[in-house]
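The sequence and the structure are shown first.

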Amino acid sequence: MRPNWQRAFGSRFVSLCQVTRVLSCIQPTGEMQLGNYFGALRNWVIGQYECDGFYGIVDLHALTVTDQPGVVGQATLELAAMFFAVGLDPEVATVFVQSHVPEHTQLSWIAECNVSYGELSRMTQFKDKSAKREGEFISAGLFSYPALMAADILLYDADEVPVGDDQRQHIEITRDIAIRFNSRFGDTFVVPRAVMPRAGARVMDLQDPTSKMSKSAATDAGLINMLDDPASILKKFKRAVTDSDNEVRYDREHKPGVSNLLDIHAAATGRTQQEVAGDYTQYGALKVATGEAVIELLRPVQARYAELIDDRAQLAALLRTGAEKARGVASATLARVYTNLGLLPA
Ligand code: TRP
């Protein structure tokens, strides 16, 4: 469908051989945290040199639950600055904002016409999110969300989509849409695969180390935001929940708090949990050292972020590069779709 040489020329780091196209997207809602970095962003930065990477900020998805003007736009700007601050390179990967590529919404409609009401009704994310909004405004967009997500993926002929478990069902429905379309209208879409993100640290809440560090936590005390200042990072680590047996040992099941610190320390320094554990006998020292390792890890990211967020012209230029690259691919896919549908050419 897409010749290999075409994929190869998509990225200057690859040779004339089969290159996997990988696509991943994040919604611009809430602040990026250490968990997002170790679980996603850092992998994208490494992956951009190995695969033909497409990384999107899906601002239109965020509209399913927003009714305030400007909020999504500001969050998009901040997330873009974070993408570049951690090291995504717009010359190497394709980094884009969803609304800058109108083909997303165009293909989304086609996807809606190739997915059934029943299939969309069975999405657990829709059931959860709509249940939480009981009595509030539940937009049709919240319901048809998976069709827009399918469009994000299918537009770029993505081979692989690294996602967490909560998004697997959305990749399944994307595959169903692609397969159905291909059988109705002829071979058009690459059928994507969900892949496990490469192993990164699974960062747990510092106050509740049995649950994932997430922006939906009850308090901020256990969360490390990427933009937290050094003093608050240190404070949060010093207050991290551990246990009372005073032994520094890696054991996720019996010592979740200490193990979380060891995971974070190891992920921040590139060492193993056991090596780190060998260096400490006291929880207090481990907490401080882990906090310091995270501060050092984030220091250059925060410095670059500060520069970028103050330089809107540069950010806009970086995103324009991404939008142009993305549109090049997206418009070709949409043209193929319209042709195979047999729509009357304009
Ligand atoms: N639904 C995803 C989430 O909430 C975000 C997303 C939208 C996405 N489009 C995508 C993820 C395409 C991967 C590929 O996390």
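**Basis**

The model is predicted, so local features need pLDDT of at least 70 and side-chain atom pairs count only at pLDDT 80 or more, while totals for chains, interfaces and linings use all residues. Residues are numbered from 1 along each chain as its sequence is written, and side-chain values use heavy atoms, with hydrogens and water left out.

**Domains and nonpolar cores**

The domain assignment gives domain 1 (21–200 + 312–341) and domain 2 (230–307); such bounds come from an automatic or database domain assignment. The C-alpha centres of domain 1 and domain 2 lie 32 Å apart. Their contact takes 11 residues from domain 1 and 9 residues from domain 2, where contact means heavy atoms within 4.5 Å.

A nonpolar core is here a set of buried Ala, Val, Leu, Ile, Met, Phe, Trp, Tyr and Cys residues joined through side-chain atoms within 4.5 Å. Buried stands for under 20% relative accessible area, exposed for over 50%, and partly exposed for values in between (1.4 Å probe, protein chains only). The largest nonpolar core has 58 residues, of which Phe38, Leu41 and Phe83 touch the most other members. Helix α13 (residues 283–309) supplies the largest share of this core, 11 residues. Because domain 1 and domain 2 both give residues to this core, it lies between them. Beyond its neighbours within four places in sequence, Phe38 is in contact with Asn43, Gly200, Ala201, Val203, Ile264, Ala267, Ala268 and Leu297. Another core, of 36 residues, lies apart from the core described above; Leu23, Ala147, Ala151 and Val329 are among its members.

Helices (H or I, at least four residues) and strands (E, at least two) are DSSP runs, numbered from the N terminus.

**Cavities**

How many cavities of 30 Å³ or more does a search of the whole structure find? The search finds 2. On a 1 Å grid over the protein atoms alone, a cavity is a set of points where a 1.4 Å probe fits but cannot get out, and lining residues have an atom within 4 Å of a point. Grid points are joined across faces, edges and corners, and a volume is the space filled by probe spheres set on the points. In the class counts, Ala, Val, Leu, Ile, Met, Phe, Trp, Tyr, Cys and Pro are nonpolar, Asp, Glu, Lys and Arg are charged, and the others, Gly among them, are polar.

| Cavity | Volume | Classes in the lining |
|---|---|---|
| Largest | about 50 Å³ | 8 nonpolar, 1 polar and no charged residues |

The lining of the largest cavity consists of Leu107, Ile110, Ala111, Asn114, Ala151, Leu154, Ile177, Phe181 and Phe189. At least two residues of this lining come from each of α5 (103–112), α8 (140–154) and α9 (168–185); α5 gives the most, with 3 residues.

The second largest cavity is lined by Met123, Gln125, Phe126, Lys129, Leu142, Tyr145, Pro146 and His170. Here α7 (124–132) and α8 are the elements that give two or more residues.

**Selected residues**

Glutamine 33 lies in the loop between β1 (21–26) and α2 (34–47) and, at 3% relative accessibility, counts as buried. Leaving out residues up to four places away in sequence, glutamine 33 touches Met213, Ser214, Lys215, Leu223, Ile224, Asn225 and Met226. Its C-alpha atom is 9.2 Å from that of aspartate 228, although glutamine 33 and aspartate 228 are 195 residues apart in sequence.

Aspartate 52 is placed in strand β2 (residues 52–57) and is buried, with a relative accessible area of 1%.

Two residues other than glycine have a positive phi. Aspartate 157, with phi of about 50°, lies in the loop between α8 and β4 (160–162) and is buried at a relative accessible area of 2%. Asparagine 246, with phi near 55°, lies in the loop between α10 and α11 (256–269) and is exposed at 54%.

Alanine 221 belongs to the loop between β5 (193–195) and α10 (230–238). Its relative accessible area is 35%, so alanine 221 is partly exposed.

Definitions and conventions
On a 1 Å grid over the protein atoms alone, a cavity is a set of points where a 1.4 Å probe fits but cannot get out, and a pocket is an open set with protein on both sides within 12 Å along at least five of seven lines; lining residues have an atom within 4 Å of a point.
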